[in-house]
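The points are grouped by topic.

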Amino acid sequence: MGSFSSDNSIEFIRFERQSSRCAPCGKILTKGNFGKGTKGAWEAHHIDGDPDNNNLANYACLCINPPEECHKKAH
């Protein structure tokens, strides 16, 4: 697992810029379900694979629930 901002502020900024949608599939995500397995759940993904690169441009919010499971597919 990668490192993330200490207060998740970067992740939430990316979430807002993605209009609360999964980057690859467009599924509607729920801000409060960051890292949870419930409906609308999502995780932040380091696009370049470097878990220490916490630049905003290196983040994408990806869904974690079936059937799409975009974060799982990204790895």
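In which loop is serine 20 found? Serine 20 is found in the loop between α1 (9-17) and β1 (42-46), where helices (H or I, at least four residues) and strands (E, at least two) are DSSP runs numbered from the N terminus. This is a predicted model, in which local features need pLDDT of at least 70 and side-chain atom pairs count only at pLDDT 80 or more, while totals for chains, interfaces and linings use all residues. Residues are numbered from 1 along each chain as its sequence is written, and side-chain values use heavy atoms, with hydrogens and water left out.

**Overall fold and surface**

- The secondary structure of the protein comes to two helices and two strands, and these follow the pattern α-β-β-α when read along the sequence.
- The radius of gyration of the protein, taken over C-alpha atoms, is 11 Å, close to the 11 Å that the globule rule (2.2 Å times the number of residues to the power 0.38) gives for 75 residues, so the protein is as compact as a globular protein of that length.
- Along its principal axes, the C-alpha trace of the protein spans about 30 × 20 × 20 Å.
- Of the 75 residues of the protein, 33% count as buried, where buried means under 20% relative accessible area, exposed means over 50%, and partly exposed lies in between (1.4 Å probe, protein chains only).
- Residues 24 or more positions apart account for 49% of the contacts in the protein with a separation of 6 or more, a contact being heavy atoms within 4.5 Å.
- The protein exposes about 4,400 Å², of which carbon and sulfur atoms supply 52%; accessible areas come from the Shrake-Rupley method with a 1.4 Å probe, and for residues only the protein chains shown count as cover.

**Charges and salt bridges**

- The protein has 9 positive and 9 negative side chains, and the centres of the two sets lie 10 Å apart; Lys and Arg count as positive and Asp and Glu as negative, with His and the chain ends not counted, and the place of a charge is taken as NZ of Lys, CZ of Arg, CG of Asp or CD of Glu.
- The count comes to two salt bridges, each defined as a side-chain nitrogen of Lys or Arg within 4 Å of a carboxyl oxygen of Asp or Glu.
- Glutamate 16 forms a salt bridge with lysine 31, the closest N and O atoms being 3.6 Å apart; glutamate 16 lies in helix α1 and lysine 31 in the loop between α1 and β1, so the pair ties together parts that are 15 residues apart in sequence.
- Glutamate 16 counts as partly exposed at 46% relative accessibility, and lysine 31 is partly exposed too, with a relative accessible area of 37%.
- The side chains of glutamate 68 and lysine 27 meet in a salt bridge (2.8 Å, N to O); glutamate 68 lies in the loop between β2 and α2 and lysine 27 in the loop between α1 and β1, so this pair ties together parts that are 41 residues apart in sequence.
- Glutamate 68 counts as partly exposed at 25% relative accessibility, and lysine 27 counts as partly exposed at 21%.

**Backbone features in the loops**

- Serine 20 has a positive phi of about 60 degrees although it is not a glycine, and serine 20 is partly exposed, with a relative accessible area of 22%.
- Glutamate 69, which lies in the loop between β2 and α2, has a phi near 45 degrees, a positive value in a residue other than glycine, and counts as partly exposed at 24% relative accessibility.
- The peptide bond from proline 66 to proline 67 is cis, with omega near 5 degrees, and proline 67 is found in the loop between β2 (59-63) and α2 (70-74).

- Cysteine 61 lies in strand β2 and is buried, with a relative accessible area of 1%.
- Leaving aside its neighbours within four places in sequence, cysteine 61 is in contact with residues including Phe15, Cys22, Leu29 and Trp42.
- The C-alpha atoms of cysteine 61 and isoleucine 10, 51 residues apart along the chain, are separated by 11 Å.
- Proline 24 lies in the loop between α1 and β1 and counts as exposed at 55% relative accessibility.
- Leaving aside its neighbours within four places in sequence, proline 24 is in contact with Leu62 and Cys70, and its C-alpha atom is separated by 8.8 Å from that of cysteine 63, 39 residues apart along the chain.
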